[in-house]
Amino acid sequence: MPADRLKRLIYRSCYTGTKELDLVLGGFARARLDRLDEAQLDRYEALVDAENPEIYAWVIQCETPPAEHDTDVLKMIQDYARASLS
């Protein structure tokens, strides 16, 4: 897995433009991205390309994500967020 891809995704995760999302995605990215396989990284990258308010609503489970983002990666982020907030 290319290190520059990980660095780019971590940076994008930490600077989304929404403080709450920065905290969740940034923390998740730093802690877990290096454990994801290429297909999971593809799904993560597609997720961070979505609109910030939607991503946050999906992560905190206020809205149901569309099928293309309702993946194992989103579930990992939701679990991470739940654990971080408790």
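How many salt bridges does the count come to? The model is a predicted one, and in it the count comes to 9 salt bridges.

Arginine 5 counts as buried because its relative accessibility is 11%, below the cut-off of 20%. Aspartate 42 has a relative accessible area of 43% and is therefore partly exposed.

Another salt bridge joins the side chains of arginine 8 and glutamate 45, at 2.7 Å from N to O. Here too the partners sit in helix α1 and helix α3, so the pair ties together parts that are 37 residues apart in sequence. In this pair the arginine is partly exposed, since arginine 8 has a relative accessible area of 37%. Glutamate 45 is buried, because its relative accessible area is 18% and buried means under 20%.

These residues also belong to a wider arrangement. Arg5, Arg8, Arg12, Glu38, Asp42, Glu45 and Asp49 are linked in a network of salt bridges.

A further pair involves another helix. The side chains of arginine 43 and aspartate 72 meet in a salt bridge, with 2.9 Å from N to O. This pair links distant parts of the chain, with arginine 43 in helix α3 and aspartate 72 in helix α5, 29 residues apart. Arginine 43 is partly exposed at a relative accessible area of 30%, and aspartate 72 is partly exposed at 34%.

The structure holds 1 cavity of 30 Å³ or more, and about 40 Å³ of space lies in the largest cavity. Helix α3 (38–48) and helix α5 (72–85) each supply at least two residues of the lining. Helix α3 gives the most, with 3 residues.

Back in helix α1, which covers residues 3–14, lies leucine 6. Is leucine 6 buried or exposed? Leucine 6 counts as buried because its relative accessibility is 15%, which is under 20%. The C-alpha atoms of leucine 6 and glutamine 78 are separated by 20 Å, and the two residues are 72 residues apart along the chain.

The cysteines come last. In general, a disulfide is a covalent bond between the sulfur atoms of two cysteines. How many disulfides does the count come to? The count comes to 0 disulfides. Cysteine 14 counts as buried because its relative accessibility is 16%. Cysteine 62, at 59% relative accessibility, counts as exposed, because exposed means over 50%.

Conventions: Residues are numbered from 1 along each chain as its sequence is written. This is a predicted model: local features need pLDDT of at least 70, side-chain atom pairs count only at pLDDT 80 or more; totals for chains, interfaces and linings use all residues. Side-chain values use heavy atoms; hydrogens and water are left out. A disulfide is a pair of cysteine sulfur atoms within 2.5 Å. Buried means under 20% relative accessible area, exposed over 50%, partly exposed in between (1.4 Å probe, protein chains only). On a 1 Å grid over the protein atoms alone, a cavity is a set of points where a 1.4 Å probe fits but cannot get out, and a pocket is an open set with protein on both sides within 12 Å along at least five of seven lines; lining residues have an atom within 4 Å of a point. Grid points are joined across faces, edges and corners, and a volume is the space filled by probe spheres set on the points. Helices (H or I, at least four residues) and strands (E, at least two) are DSSP runs, numbered from the N terminus. A salt bridge is a side-chain nitrogen of Lys or Arg within 4 Å of a carboxyl oxygen of Asp or Glu.
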